[in-house]
Amino acid sequence: MACKCGSNCECNEFFAPLEALDMISSHIDSRPDKVAIAWEREDGKVYRYDLEIPSSLKPSAVKFVSYVVERIAKFIVWSAGGWKLYLAGPEKIVKPVAKAYTKKGARAFDYDFFSSIYGRPVEAVIVPYKKMPETNETLQKVKTVADGCRIGFDLGASDFKISALKNGDVVFSKEFPWDPRNNPDPEYHYNMLTAGLKEAAASLPRVDAIGGSTAGTLVGQKMGIASLFRAVKEQNPSKFETAQNMFFRIEKDWGVPFAIYNDGDVTALAGMITMGKKGILGVAMGSSEAVGYVDPDGAMTGRISELAFAPVDFNPNAPKDEWSGDAGVGAMAFSQQAVNWLAEKYGFKFPKAMKLPERLKVVQAAMEKGDEKALKVYIQIGRFLAHAIPWYNEFYDYENMMILGRVTSGLGGSVILETAKAMLKDIYPAHAERIDIFMPDEKARRLGQSVAAAQIPVIAKKAACKRCKTAKKGSK
């Protein structure tokens, strides 16, 4: 088994994850060994993945298979979340993976990230195959409703949007610019959001419920590490717990039914509401990659789905994400970061002080003028997507992929979509037959994440009736 992407690899090509799996499976003999990988997260929830490997491996192949197992382990933790990694299989394969997920290991960023989220050190243990935990996830069906007076918000990295609904009609919708990533005081985040909520509330006779969508990781209503609070974590760590508990504070302030979800999940939910489709994986390509999922029964899984940090390119020489320091992750394929490094690769020159959103606008403007360099950027992102679709399908059961976000705006989005469809049909025909890739229609765009989020909380009927009577009694 020749290792296309070992530690000394000098190849600069994209290495598709399914190609790596095929390389392993093509050498399976009559009595293969097994490797099992599982991450346990809050409340005993577990996601597990099993992989058959050849029973006899040369030293170079051992290194390759161990590398692939580590990439799978990394994908799972950024997909499902977790604080305890279970591994079973030949020690020469799994021992290096367990070592990577330690405080000073190769995945130290991941170790610190998830230790912070779950409030306990990440553990990596090697156990007999028979003692591996089984997949155990609690699904939550979400029935969206638009009754009463509701507020919904969607927190992004450069702005947040708030909408107010009265019996399903949008009566207020506004974008608020902010700079959360560079503000180390969590009071900034709290005050900005509170001011926006109050402005939206002024358009309603009362507030019956508040629903939110946010970038970053969530464990229940507690925020994990997110780019929104990056400055707090790095510059003002004593206040980080205050930042993590911001949504509990907002809920207490308003005293109404409150729900907060990952922005990717709300994106998928918006697709389900407007298009009547289930089994949706939503991929938002913006300042980073945000992913959400609604399963074929219309339920949410509670996974973190932070695929911006999950590997989609198994080439260790792929471009590295500036935050995590890892190569070939989703943020470097489906975000403004991806547009930037591809644009520079194909000949665009940007002033050093120009920020990524402005660089994206330059590339988009060039695309509208038919610039060949810009076309190459979007074609390459479409190629990345074609390889990611079947890889994501290994971990998410979906038949619909909805792509959106600023990177998909304009002609570039159409190029990404058509390139991905064509390549999927050519390279992964079985997946092309059963997975529909699309961008949201105008109805979905009008809905937006803030409006969809507003429809998640459930208003108790008695409480709603009481508020309605009070409002009527006080009206003239």
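**Close-up views of a predicted model**

**View 1. Helices H5 and H8 side by side.** Helix H5 (residues 186–201) packs with helix H8 (residues 246–254) at an angle of about 35°, and their axes are 11 Å apart. Here, axes are lines fitted to C-alpha atoms, for helices over the stretch in contact, and angles run from 0 to 180 degrees between N-to-C directions. Helices (H or I, at least four residues) and strands (E, at least two) are DSSP runs, numbered from the N terminus. This is a predicted model, where local features need pLDDT of at least 70 and side-chain atom pairs count only at pLDDT 80 or more, while totals for chains, interfaces and linings use all residues. Residues are numbered from 1 along each chain as its sequence is written, and side-chain values use heavy atoms, with hydrogens and water left out. Look for Tyr190, Leu193 and Leu197 among the H5 residues that meet H8, whose own contact residues include Phe247, Ile250 and Trp254. Contact means heavy atoms within 4.5 Å.

**View 2. Strand S14 and its hairpin partner.** Strand S13 (residues 280–285) and S14 pair in the antiparallel sense over 6 bridges; two strands pair if DSSP finds at least two bridges between them. A hairpin of 3 residues joins S13 to S14, and Ala284 stands opposite Ala290 in S14. How many residues of S14 (residues 289–294) are buried? It's 6 of the 6, so S14 is largely enclosed by the rest of the structure. Buried means under 20% relative accessible area, with exposed over 50% and partly exposed in between (1.4 Å probe, protein chains only). Glu289, Val291 and Tyr293 cover one side, and Ala290, Gly292 and Val294 are on the other.

**View 3. Helix H10, mostly covered.** In helix H10 (residues 336–345), 8 of the 10 residues are buried, including Trp341 and Leu342. The buried residues pack against helix H11 (356–368) and helix H12 (372–393). Ser335 caps the N-terminal end of H10, with a side-chain oxygen 3.1 Å from the backbone nitrogen of Gln337. Just after H10, Gly347 takes a positive phi of about 115°.

View 4. Strand S3 (residues 84–88) and S4 run parallel, joined by 4 bridges, and Leu85 stands opposite Ala124 in S4.

Methods: A polar contact is a pair of N or O atoms within 3.5 Å; within protein, one must be able to donate a hydrogen and the other to accept it, and residues adjacent in sequence count only if both atoms are side-chain atoms.
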